[in-house]
Amino acid sequence: MTVDWIHFTPWASLIGGMLIGLAAALLILLNGRIAGISGILGGLLRPSHGDTAWRALFLLGLVLAPVLYALFKPLPELHVDAGSGMLLGAGLLVGIGTRYGSGCTSGHGVCGVARRSPRSLAATGLFVGAGFVTVYLVRHALA
Amino acid sequence: MQLVFVFAIGLLFGIGLIVSGMTDPGKVLGFLDLAGNWDPSLLFVMGGATLVAAIGFALARRRGRTLSGAPIRLPTSTAIDRRLVIGSLVFGAGWGLAGFCPGPALASLGTGRGEPLLFVLAMVAGMALFELAEWLRARGPKMA
């Protein structure tokens, strides 16, 4: 392993992370809900009365964030290596996996770890581990 | 009024994802590529996010109610069961294939690019398949 010092962004990542944490803190304090993106989105597919508007508005804010950001600074570039088939397959796995495992990087990774939930710590270790193995296979073993 | 705040919190969450670099799948894959040229940035995102979120959860636990007096809804399950393990592994595999997870994928939709849209459509389809399977499991005859 070598460390990629050129792309390493400790300060921007720390500050951005703190903004994500602040958003999660505000959502629990103001709305009483966990900022788990897969759960918030997945819940829209099983609509129940009085539980839909907050989900839709939170996600609308998330989607419009680049529009607001672009008013002040140019948006960072996206480097997408995956082709269309890979994107579709990856999306399916992420959709099924996050719902079956009850959470993703935000719900388990940020909120669950912040609550010191052993269930979320286990989930986070598992999906990060699976991510390591997958990238190893795609980039090194099978490439 | 509450909903205006929730919209603003969604914006803040998305801005955090952009500032932290996590909306770029290349940066996420740089972290997941331990055997290559490793970019540790994602650790700093998680560190900063959990630190601040932990303060929020501690305050919420102490108050027991939201600022408007509504109940706080925390997950009740504590089981590290088969669903959690398999679901997390499947999610991690998909995450490693494209470098997108749900939050950054949605936050990249607003850039107008095609790749996040394709990924999100497939992700919603995956979630819908899950709902369909749950629905069939709940009402269908016991198969196994």
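In chain B, 12 positive and 7 negative side chains are present, and the centres of the two sets lie 16 Å apart; here Lys and Arg count as positive and Asp and Glu as negative, with His and the chain ends not counted, and each charge is placed at NZ of Lys, CZ of Arg, CG of Asp or CD of Glu. For chain A, the mean positions of the 9 positive and 4 negative charges are 18 Å apart. The model is a predicted one, in which local features need pLDDT of at least 70 and side-chain atom pairs count only at pLDDT 80 or more, while totals for chains, interfaces and linings use all residues. Residues are numbered from 1 along each chain as its sequence is written, chains are lettered from A and ligands numbered from 1 in the order in which they are written, and side-chain values use heavy atoms, with hydrogens and water left out.

Chain A contains six helices and one strand, with helices (H or I, at least four residues) and strands (E, at least two) taken as DSSP runs numbered from the N terminus. Its elements follow the order β-α-α-α-α-α-α from the N terminus, whereas chain B, with six helices and one strand, runs α-α-β-α-α-α-α. The C-alpha trace of chain B spans about 50 × 40 × 30 Å along its principal axes, and the C-alpha atoms of chain A fill a box of roughly 50 × 40 × 35 Å.

Buried residues (under 20% relative accessible area, with exposed over 50% and partly exposed in between, for a 1.4 Å probe and protein chains only) make up 49% of the 143 residues in chain A and 48% of the 144 residues in chain B. The accessible surface, from the Shrake-Rupley method with a 1.4 Å probe, comes to about 6,500 Å² for chain A, of which 70% belongs to carbon and sulfur atoms; chain B exposes about 6,700 Å², with 69% supplied by these atoms. Among contacts (heavy atoms within 4.5 Å) between residues at least 6 apart in sequence, 34% in chain A join residues at least 24 apart, and the corresponding share in chain B is 40%.

Beyond its neighbours within four places in sequence, Phe13(B) is in contact with residues including Ile20(A), Ile37(A), Phe58(A), Leu62(A) and Ser106(A).

Ser88(B), in helix α4 (residues 82-98), is buried, with a relative accessible area of 1%; leaving aside neighbours within four places in sequence, Ser88(B) is in contact with Gly97(A), Gly101(A), Ala123(A), Leu126(A), Phe127(A) and Arg83(B). Lys27(B), in helix α2 (residues 25-32), counts as buried at 13% relative accessibility. With neighbours within four places again set aside, the contacts of Lys27(B) include His7(A), Phe8(A), Thr9(A), Gly21(B) and Asp39(B); Asp39(B) is 12 residues from Lys27(B) in sequence and 7.3 Å away in space, C-alpha to C-alpha.
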